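Keep the viewer open as you read.

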Amino acid sequence: MEFQLSSDQLAIRDAVTKFLSEEWDLSERRRALDDGPVKISDTLWQQILDMGWIGIAVSEGKGGSGLELLTSAMLVEEAAQVLFPSRLCSALASAYALDQCESAGMSALLASHMTGKTFVALAVDEANADYGPENNSTTATLSGEEGLLTGQKILVPDTDVAEHFLVAARLGDKGALIRVATDAPGLTITPMERIDAQCVSELELKDVAFSTEDILGGADGAQAALHRAYEFWTTLISADLLGVTTTALKVTNAYAKERHQFNRPIGSFQAVSHRLADVKMDEEVGRSLLYGACLALQERPDESSPQVSAAKAWLSDAATRATEAALQLHGGIGYTWELDVHLLLRQARSHAVYLGDADYHRKRIGAYLAEQLKSSAAEAQR
Amino acid sequence: MDLSFSEQDEAYRQKLRNWIADNGDLATRTMKGIDDQGDRNPIQAMRDWQRHLYEAGYVGMSWPKAYGGYECSLTEQVIVNEELARTHLPPTINTIGLTIVAPTLIQHGNEDQKKEHLKRILRGDDIWCQGFSEPGAGSDLASLRTGAVVEDDQFVVTGQKVWTSVGPIADRCVLLVRTDKDAPKREGITYLLVDMKSEGITVKPLRNAGGGSHFSEVFFDEVKVPRENMVGELHGGWAIARSTLDNERSGLSGVVALENNFKKLLELVDAGTRGGKPALEDPKTLNQIAQYWIEIEGLRYLGYRTLSEQLKGQKPGPQASVGKLFSSKLRQAMAKSALEIAGPYAALTKKSPHVLNRGRWVAGFFDSLGYSIGGGTSEIMHNVIAERVLELPRSVED
């Protein structure tokens, strides 16, 4: 029985915190709002690659560290606390997706992705379909070994550095992730200008050519590879939302102790302190659900969606509440451009509707519960 | 990360399951109110049940062997809590004795007091109640006014207590009294052990909003309490009371109770309709149900985090204190949803021939309202989190 960060994980966490506090300058997030998108300097990104962060969850046989998924989530949470760009999430998720495949081509791409030679980005969300890996209007058609991909993807991350996309699409009656080079004929990339100024784009795919070798996991493993990648990436976005929640609470709590009105610190007023207590509760429940999602993904990746959805639904709501509380409790100064609170709010809002909003994830859980009821009724009849 | 129990713990769980299976008849008999003598006597039946549980090794698990306990491991305690909650066995009748009085005596009592009371608490021989709250001292407990005057080798107590659970059937009472009116309010309180059969005690059952009477008012009119029944020092009672007021029960057994509630709610949804269609096809209903599932999962994992820390000998982190606030809110939300799904039947009493599930949902709704008041209101729990976890300045000066 062990359900907390291990001493190794705590050591990694401290090293990450120290590294980011020395190397990452939050003012980049503010600059990007006017002249975006957010950038990570090549030197800084290279240091991150050299430290092996991107391969942290990748199996050891493929050059990764093979650490448990909670370590990745913890890394992302720490990075989000200082609003380090979500390229980290995206890179970890692509690495995890590629790690699901055994083909030599994909293993080579993974190696190249981990060392920074070729950045690979996932393309999942769509404007024309509901959220989730099973809802794709983007369609792949195969004839023999060759195929064509047509459709549209939105909010695709890191298009400024990506050289390959893994595009979620419908292939026959199943879902799949299909590799497409960013310069493939028929592919148009349009930046989307999100409120958090991170680099996300729309992909327009018109008869983009691919071969069976570009299908992650091959014909038989495609569906599982897509689903696992989606669950893992979603969990990392939940970790990011938790990091934002933690920082929102930390800065607001500090402000409530230091800001005086009516000759008292405002944190002594229950209208203020009780709202902060609610945020604390949101954060602790969120952290618990995140650990639960990591454990489910680790132990039974193909049945982890209820726990993954629980964390994402809760943290989408919690991060939104926490950042709104932060703005409100800072009063007038909280509503200014100068204070960092709106940066947190922007990130929370962006990720709350990314890879499924709270309602979508509750819908997934609702369907799971309805399914449970049906199967227990069938069981009872037998 | 690893949520599994050791082989040894799993063997222990199996032994417990066997005991439960072997004692199914005893449990059924207890629930019908039949005691060991075969007489219909619900209180005696519950005492007998607790004694059987104790003799089997499932009560007083964490207590020192010297006072009748078993000194079991924390995981064994968790297993017992989980299994007992899961199988709907009768609860232990002497909850206050087990969770408040005994830990207080183990920590602060003298040798005579421990010898006299602990084993009897375990066996259900003495049922204890708690005389803390007063009409004028609820959330502000330290302003209590029930007074005790020291006369020779005894205290003479006069005053009134309220919200006293199991008052009408209790044999003994832990009582907070004011022994120094002039001292600052936390420095003039003394902690006493009182025999409920003493002359001058009157217990009046109080009905709660739902119509039941689980608590009572207790009046003290010059009640004589021997001096040896004082726990700790004269005027030193507040610190003693505080040390066990925060005694959190293992969060995980509360989660099993919520899971049981959730299962019943799910059955109601499965059978119910919304807007003329099966409730299971109603997106809003499914959305709510999913939210409750998420929150119960959250509480469960919160409990595992706390347990994991305790197993390593660490003091539970801040997540432990959010459990009560969070679960009472959740319990109420689930009870309200049940009434929504029950629809027009939600407003019927248990006596109505049309009542749904024998009135379980209405009873559950009223029951849920008590959770955000008893044992510290949600407003006070917010203060506790704000002051002790977030270290914000105190909102109340006194």
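In chain B, strand β1 (residues 128-131) pairs with strand β4 (residues 172-178) in the parallel sense, over four bridges. Two strands count as paired here if DSSP finds at least two bridges between them. Helices (H or I, at least four residues) and strands (E, at least two) are DSSP runs, numbered from the N terminus. To follow the pairing residue by residue, take B:C129, whose bridge partner in β4(B) is B:C173; B:G131 has B:L175 as its bridge partner in β4(B).

Before going further, some bookkeeping: this is a predicted model, with local features needing pLDDT of at least 70 and side-chain atom pairs counting only at pLDDT 80 or more, while totals for chains, interfaces and linings use all residues. Residues are numbered from 1 along each chain as its sequence is written, and chains are lettered from A and ligands numbered from 1 in the order in which they are written.

Back to β4(B), which is also joined to strand β5 (residues 189-195) of chain B, this time running antiparallel with seven bridges. B:L175 turns up again here, standing opposite B:L192 in β5(B).

How enclosed is β4(B)? Seven of its seven residues are buried, so the strand is largely enclosed by the rest of the structure. A residue is buried if 20 or more other C-beta atoms lie within 10 Å of its own, exposed if 12 or fewer, and partly exposed in between, with C-beta atoms placed from the backbone. Both faces are covered: B:R172, B:V174, B:L176 and B:R178 sit on one side, B:C173, B:L175 and B:V177 on the other, and all are buried. Strand β1(B) shows buried residues on both sides too, with B:W128 and B:Q130 pointing one way and B:C129 and B:G131 the other.

Now zoom out to the domains of chain B. The chain is divided into domain 1 (7-93), domain 2 (128-240) and domain 3 (251-389), with bounds that come from an automatic or database domain assignment. The C-alpha centres of domains 1 and 3 of chain B lie 25 Å apart. Six residues of domain 1 of chain B are in contact with seven residues of domain 3 of chain B, where contact means that the C-beta atoms, placed from the backbone, lie within 7 Å. The domain 1 side of that contact has three nonpolar, one polar and two charged residues. In this scheme, Ala, Val, Leu, Ile, Met, Phe, Trp, Tyr, Cys and Pro count as nonpolar, Asp, Glu, Lys and Arg as charged, and the others, Gly among them, as polar.

Over to chain A, which has 11 helices and nine strands. Its C-alpha atoms fill a box of roughly 80 × 60 × 40 Å along the principal axes, and of its 382 residues, 54% count as buried. Among the contacts in chain A with a separation of 6 or more, 71% are between residues 24 or more positions apart.

The domain assignment of chain A gives domain 1 (7-117), domain 2 (121-220) and domain 3 (222-373). The C-alpha centres of domains 1 and 2 of chain A are separated by 22 Å, and their contact takes 19 residues from domain 1 and 15 residues from domain 2. On the domain 1 side, α2 (27-35), α5 (87-99) and α6 (104-115) of chain A each supply at least two residues, and α5(A) gives the most, with five.

Why does A:A310 count as buried? Because it has 30 C-beta neighbours inside 10 Å. Leaving out residues up to four places away in sequence, A:A310 touches A:L289, A:G292, A:A293 and A:I365, along with B:I294 and B:E297.

Conventions. Contact = placed C-beta atoms within 7 Å.
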